Amino acid sequence: MNVFEFSIIITLQNNIFSGLFVGQNLLTLKEVDSTNNFLKNLLSNSKPLPEGTVIMAEEQFAGRGQQNNQWYSESGKNLTFSLLLNPSFLAITEQFDLNRVVSLGVFDALQPLLGDQLKIKWPNDIYYADKKLGGILIENLLQGAQIKNSVIGIGLNVNQENFPDGAGNATSVWQILQKNYDLLALLADICSHIEAWYLNLKAGKVDFIRNSYLKRLYWLNERGDFKADGIIFTGIIKNVKSNGLLVMHRDNEEVTYNLKEIEFLNK
Ligand code: BTN
């Protein structure tokens with residue numbers, strides 16, 4: 001299928017992007033099913049794309065979230081984009097470090113605006129107080145034991161004022177600050193922060209990355225209610241293992257969970 005059949009391309013633009021490569025090749029679409037799908041189609045249908053290519057959409061009609069959830073976003077109000085990285089230097093067993101650096105990049109772009117209530121909720125949600133501001137969906141395309149391409153989808157609620165009842169505990173920058181923000185300027189800022197963290201990863205600074213991620217973690221060392229195996233319990237998040245598993249104190253024991261095994265029960 002020709003990926004251009006179902007999209008209208010508005011503009012190619014890169015002048016406010018200050019980094020070396022992330023966002024330098026920017027494609028803005030009026031409407032698409034999902035920017036992650038679009039980028040994956042481009043990768044399989046055309047000649048190689050430059051690392052750092054960003055596909056941004058004003059509207060997604062089939063936006064995807066983690067665990068087969070849908071991602072809803074009001075047209076033209078928010079950031080919905082996908083970014084291409086090629087972390088072939090990263091062992092598959094260490095791929096959670098990519099989740100860390102992307103979360104840190106989004107976090108650091110927002111922190112000057114939003115302050116101390118901003119957190120990273122494991123594994124890679126962006127939270128403000130107890131509400132979800134953004135999410136990240138990373139789809140790695142492997143070649144042998146290497147990550148050939150990583151399609152990093154980011155959805156961030158920026159100027160949306162209201163959310164439908166089914167949207168769970170969503171919030172937006174507008175709901176927090178009652179101000180509208182320039183989406184392209186925010187995208188440029190996020191891209192430059194992701195690039196900086198990604199270059200730290202490439203330079204092997206994994207301890208720094210893991211500690212920085214942990215410092216920003218939602219509910220770290222706090223008592224919280226969780227659900228696993230159909231049982232509700234109170235636990236304390238203690239750590240995140242190098243491979244991304246969540247380490248928790250539960251009933252005086254240390255227990256680890258992967259994403260599908262545990263649910264946070266919000267306050
Ligand atoms: C989540 O929290 O469940 C992850 C949400 C990821 C949403 C973004 S929006 C841009 C990109 N395209 C998609 O279809 N999904 C991601």
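Ala, Val, Leu, Ile, Met, Phe, Trp, Tyr, Cys and Pro count here as nonpolar, Asp, Glu, Lys and Arg as charged, and the others, Gly among them, as polar. The model is predicted. The shell around the ligand holds 5 nonpolar, 12 polar and 3 charged residues.

In total, 20 residues surround the ligand. The closest are Ser34, Gln60, Arg64, Gln66 and Lys132. By the classes above, Arg and Lys are charged.

Now look at individual atom pairs. Arg64 contributes a polar backbone atom, 2.7 Å from a nitrogen atom of the ligand. Gln66 also uses its backbone: an N or O atom there lies 2.7 Å from an oxygen atom of the ligand. Thr35 works through its side chain instead, where an N or O atom is 3.2 Å from a ligand nitrogen atom. A polar contact requires N or O atoms within 3.5 Å, so the Thr35 pair at 3.2 Å qualifies.

How much of the ligand does the protein bury? Taken alone, the ligand exposes 420 Å², and the protein buries 98% of that. The space that the ligand takes is the largest pocket.

Which elements give two or more residues to the shell around the ligand? They are helix α1 (35-45) and the strands β4 (79-85), β7 (131-143) and β8 (146-156). Strand β7 supplies the largest share, 4 residues.

The loop between β5 (118-121) and β6 (125-128) contains Pro123. The peptide bond from Trp122 to Pro123 is cis, and its omega is near 0°. The loop between β6 and β7 holds Ala129. Phi of Ala129 is positive, near 50°, in a residue other than glycine.

Strand β9 (residues 223-228) pairs with strand β10 (residues 231-240) in the antiparallel sense, over 6 bridges. Within this pairing, Gly224 stands opposite Gly235 in β10. The hairpin of β9 and β10 has 2 residues between the strands. Asp229 takes a positive phi there, near 55°.

Strand β10 also pairs with β11 (residues 246-250). These two run antiparallel as well, joined by 4 bridges. Asn239 stands opposite Val247 in β11. In this hairpin, 5 residues lie between the strands. Gly244 in the turn has a positive phi of about 100°.

The shell includes 12 polar residues, and Arg64 and Gln66 each place a backbone atom 2.7 Å from a ligand atom.

Notes
Residues numbered from 1 in each chain as written. Predicted model: local features only at pLDDT ≥ 70, side-chain atom pairs only at ≥ 80, totals over all residues. Heavy atoms only, no water. Near = heavy atom within 4 Å. Polar contact = N/O pair within 3.5 Å; in protein donor to acceptor, adjacent residues only side chain to side chain. Areas by Shrake-Rupley, 256 points an atom, 1.4 Å probe, with all protein chains shown as cover. 1 Å grid on protein atoms, 1.4 Å probe; cavity = no way out; pocket = protein on both sides within 12 Å on 5 of 7 lines; lining within 4 Å. Sits in = over half its atoms within 2 Å of the grid points. Pairing = 2+ DSSP bridges.
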